[in-house]
Amino acid sequence: KVEMDPVAAARWYRAAAEQGDGESQDMLSWLLVEGALLPPDYEAARRWALAAAEQGIASAMTRMGMLYHNALGVARDPAVAAFWWRKAAMLGDADGQAMLGAAHHLGAGVARDPVAALAWLLRGRHGGSKLAEPFITAVTAACGSDQRREAERRAAAPLAGAGAA
């Protein structure tokens with residue numbers, strides 16, 4: 001049995017990230033945003049998230065969106081945030097799907113579209129994202145019954161067929 005050592009874990013994540021391991025780059029980025037084990041460093045978090053995103057790590061793409069949405073180490077840019085959330089959403093990342101749905105609901109960086117919003121939020125919720133819940137009721141209420149049915153159809157379709165959402 002090994003005792004938990006969060007400081008050593010952070011060191012190991014950094015070492016693996018520096019050697020190009022995408023999952024470790026993603027985790028290091030998260031640690032640098034959260035600021036619990038390591039001092040917050042949003043610029044470094046962005047660099048590590050970008051490195052992981054370039055390797056196809058969907059959660060890093062979602063984090064890139066969050067950094068641009070919340071102006072953490074970068075200028076706030078809703079369009080760039082939505083770009084990253086779409087990339088993550090298309091790879092099946094539930095939080096990316098929820099955030100893309102919220103962006104479509106608010107018209108933040110993408111066109112305001114209640115059907116697309118609900119479809120992505122439903123995908124996100126189905127995938128386990130807690131980020132979808134605060135928006136589901138309002139978006140559902142904004143849709144007519146035909147729109148709700150269309151959103152449910154899109155949410156149930158394979159991702160490759162959901163490109164219009």
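Analyst: The model discussed here is predicted. In it, D93 sits in the loop that joins α5, residues 78-90, to α6, residues 94-106.

D93 is buried, yet it forms no salt bridge. The nearest side chain of opposite charge belongs to R63, and that side chain is 8.2 Å away. A salt bridge would require a side-chain nitrogen of Lys or Arg within 4 Å of a carboxyl oxygen of Asp or Glu. A polar atom of the D93 side chain does, however, lie 2.8 Å from the backbone nitrogen of G96. When residues up to four places away in sequence are not counted, D93 touches A58, S59, T62 and A88.

G109 is located in the loop between α6 and α7, the latter covering residues 114-126. The relative accessible area of G109 is 37%, and it is therefore classed as partly exposed. Apart from neighbours within four places in sequence, G109 is in contact with P78, A79 and A82.

A residue within a helix may be considered next. Q25 belongs to α2, which comprises residues 22-34. Q25 counts as buried because its relative accessibility is 5%, the limit for that class being under 20%. Beyond its neighbours within four places in sequence, Q25 makes contact with A17, G20, W48, A51, A52 and Q55.

These sites belong to the following overall fold. The secondary structure consists of nine helices and zero strands, and the order along the sequence reads α-α-α-α-α-α-α-α-α. The radius of gyration is 17 Å, close to the 15 Å given by the globule rule for 165 residues, so the protein is as compact as a globular protein of that length. The C-alpha trace spans about 55 × 40 × 25 Å along its principal axes. Of the 165 residues, 43% count as buried. Among contacts with a separation of 6 or more, 52% are between residues 24 or more positions apart. The accessible surface of the protein amounts to about 8,600 Å², and carbon and sulfur atoms account for 55% of this area.

To return to the part in question, D93 is a buried residue without a salt bridge, and its side chain has a polar atom 2.8 Å from the backbone nitrogen of G96.

Note on methods:
Residues are numbered from 1 along each chain as its sequence is written. This is a predicted model: local features need pLDDT of at least 70, side-chain atom pairs count only at pLDDT 80 or more; totals for chains, interfaces and linings use all residues. Side-chain values use heavy atoms; hydrogens and water are left out. Helices (H or I, at least four residues) and strands (E, at least two) are DSSP runs, numbered from the N terminus. Buried means under 20% relative accessible area, exposed over 50%, partly exposed in between (1.4 Å probe, protein chains only). Lys and Arg count as positive and Asp and Glu as negative; His and the chain ends are not counted. A polar contact is a pair of N or O atoms within 3.5 Å; within protein, one must be able to donate a hydrogen and the other to accept it, and residues adjacent in sequence count only if both atoms are side-chain atoms. Contact means heavy atoms within 4.5 Å. The radius of gyration is taken over C-alpha atoms; the globule rule is 2.2 Å times the number of residues to the power 0.38. Accessible areas come from the Shrake-Rupley method with a 1.4 Å probe; for residues, only the protein chains shown count as cover.
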